[in-house]
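Me: Please pick one part of this protein and go through it closely. Then tell me what surrounds that part and what else deserves a look.

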Amino acid sequence: MSSSFADRLRAGESLSGVWSGSGSQPVVETLAYDFDFVVIDGEHSEVTIDEFGGLVRAVDATDTDAAPVVRVSESNSAEIRRVLDLDPCGVIVPQIETVEEARDAIAATNYPPEGIRGVAGSRASEYGRSLPEYYETANETIATILQVETASLVEDIESVAALDGLDALFIGPADLSARLGCFGEYESEQFRSVIEKIISAANDASVPVGTLATGAETIERRHGWGVDFMALGTDLGHLQRAAT
């Protein structure tokens, strides 16, 4: 499943996912039946490092093609290493400010010689039973996704998109608009010009771009940006709207 998700991303498939911040195993398991991927959020949620494993297992338990993807809290090599040992199909790294930080985040997701990820027997390698095989394939089968949500990163987006080992970019609309000084003004000329710059740089580097959208109108508008994959709302947002 890991290989399938990474390959589908690189092939530019229009993948539809969902964002999860509830920390609930039944919720992510339920959602996995209807989406290509489920993002388990470790940045803006109460999910802790010791809960990620159960949530990844909950998505895997559906025996569907749904991919568990984890957003870590920051570009921290130790946290990324611990998360990857739980065997998600991909990792999203937020709050990247510079090309160097982007390069470091990519290195953290890859085993040597391409990166600096530490080696140990874990769930990802059947607790060491298949460690040699896993070591040989992990760099290709794990999707490394960097969030674009800072003005400084946008300035060097062409260099970021061209980095070796990057599988996809993910636009964070709320943070990006806030950093640009136009929070929530997603149709403003300033914001749209930045989106166009990101999409253009990604297309030139043949790197897929994703984003998050909520509601039918928002999904349609953001699809119009030219993104390749999208998280269609959050679990708590869907719950709130259904309850209302």
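Reply: Start with a contact between a charge and a ring. The charged end of Arg 222 sits over the ring of Tyr 186, and the distance to the ring centre is 4.6 Å. Keep in mind that this is a predicted model.

Helix 10 covers residues 189–204, which makes 16 residues.

Which residues of helix 10 are buried? They are Phe 191, Val 194, Ile 195, Ile 198, Ile 199, Ala 201 and Ala 202. Viewed down the axis of helix 10, these buried residues fall within an arc of 165 degrees, so they line one face of the helix. An α-helix has 3.6 residues a turn, so residues three or four places apart point the same way.

The other side of helix 10 reads differently on the page. Glu 189, Glu 196 and Asp 204 are exposed there. Take Glu 189, which belongs to helix 10. Its relative accessible area is 71%. Exposed means over 50%, so Glu 189 qualifies.

What does the buried face of helix 10 pack against? Among the helices, the partners are helix 7 (151–155), helix 8 (157–161) and helix 9 (173–179). Strand 5 (143–148), strand 6 (168–171) and strand 7 (209–213) are partners as well. Just after helix 10, Ser 206 takes a positive phi of about 60 degrees.

One of those partners leads on to the rings. By the ring-centre rule, the count comes to 8 aromatic pairs. Phe 5 and Phe 37 make one of them, a tilted pair at 5.9 Å centre to centre with 50 degrees between the planes. Phe 5 is in helix 1 (residues 2–10) and Phe 37 is in strand 2 (residues 37–41), so this pair ties together parts that are 32 residues apart in sequence. Are these two rings buried or exposed? The cut-off for buried is under 20% relative accessible area, so Phe 5, at 4%, is buried. Phe 37 is buried too, at 2%.

Phe 170 and Phe 229 form another tilted pair, 6.0 Å centre to centre and with 50 degrees between the planes. This pair links distant parts of the chain: Phe 170 is in strand 6 and Phe 229 is in strand 8 (residues 229–234), 59 residues apart. Strand 6 is also one of the elements that the buried residues of helix 10 pack against. Phe 170 is buried, with a relative accessible area of 2%. For Phe 229 the value is 3%, again buried. Ring pairs link both of these, along with Phe 5, Trp 19 and Phe 37, into a cluster.

Trp 19 has a further contact. Arg 71 touches Trp 19, and its other contacts beyond four places in sequence include Asp 41, Glu 43, His 44, Phe 52 and Gln 147. Arg 71 is found in strand 3 (residues 67–71). Arg 71 is buried, at 6% relative accessible area.

Helix 4 (residues 77–84) has Glu 79, Ile 80, Val 83 and Leu 84 as its buried residues. Down the axis of helix 4 they fall within an arc of 130 degrees, so they line one face of the helix. They pack against strand 3, strand 4 (90–93), helix 3 (49–60), helix 5 (99–108) and helix 6 (131–141).

A loop comes next. Ser 45 lies in the loop between strand 2 and helix 3. Ser 45 is partly exposed, with a relative accessible area of 23%. Ser 45 and Ser 20 are 25 residues apart along the chain, and their C-alpha atoms are separated by 8.8 Å.

Last, the cysteines. How many disulfides are there? A search of the whole structure finds 0. Cys 89 is buried at 2% relative accessibility. Cys 182 is buried at 1%.

Technical notes:
Residues are numbered from 1 along each chain as its sequence is written. This is a predicted model: local features need pLDDT of at least 70, side-chain atom pairs count only at pLDDT 80 or more; totals for chains, interfaces and linings use all residues. Side-chain values use heavy atoms; hydrogens and water are left out. Helices (H or I, at least four residues) and strands (E, at least two) are DSSP runs, numbered from the N terminus. The expected span of a helix is 1.5 Å times one less than its number of residues. Buried means under 20% relative accessible area, exposed over 50%, partly exposed in between (1.4 Å probe, protein chains only). The arc is that of the directions from the helix axis to the C-beta atoms. Contact means heavy atoms within 4.5 Å. Rings of Phe, Tyr and Trp (its six-membered ring) pair if their centres lie within 6.5 Å; planes under 30 degrees apart count as stacked, over 60 as edge-to-face and the rest as tilted. A charge sits over a ring if NZ of Lys or CZ of Arg is within 6 Å of the ring centre and within 35 degrees of the ring normal. A disulfide is a pair of cysteine sulfur atoms within 2.5 Å.
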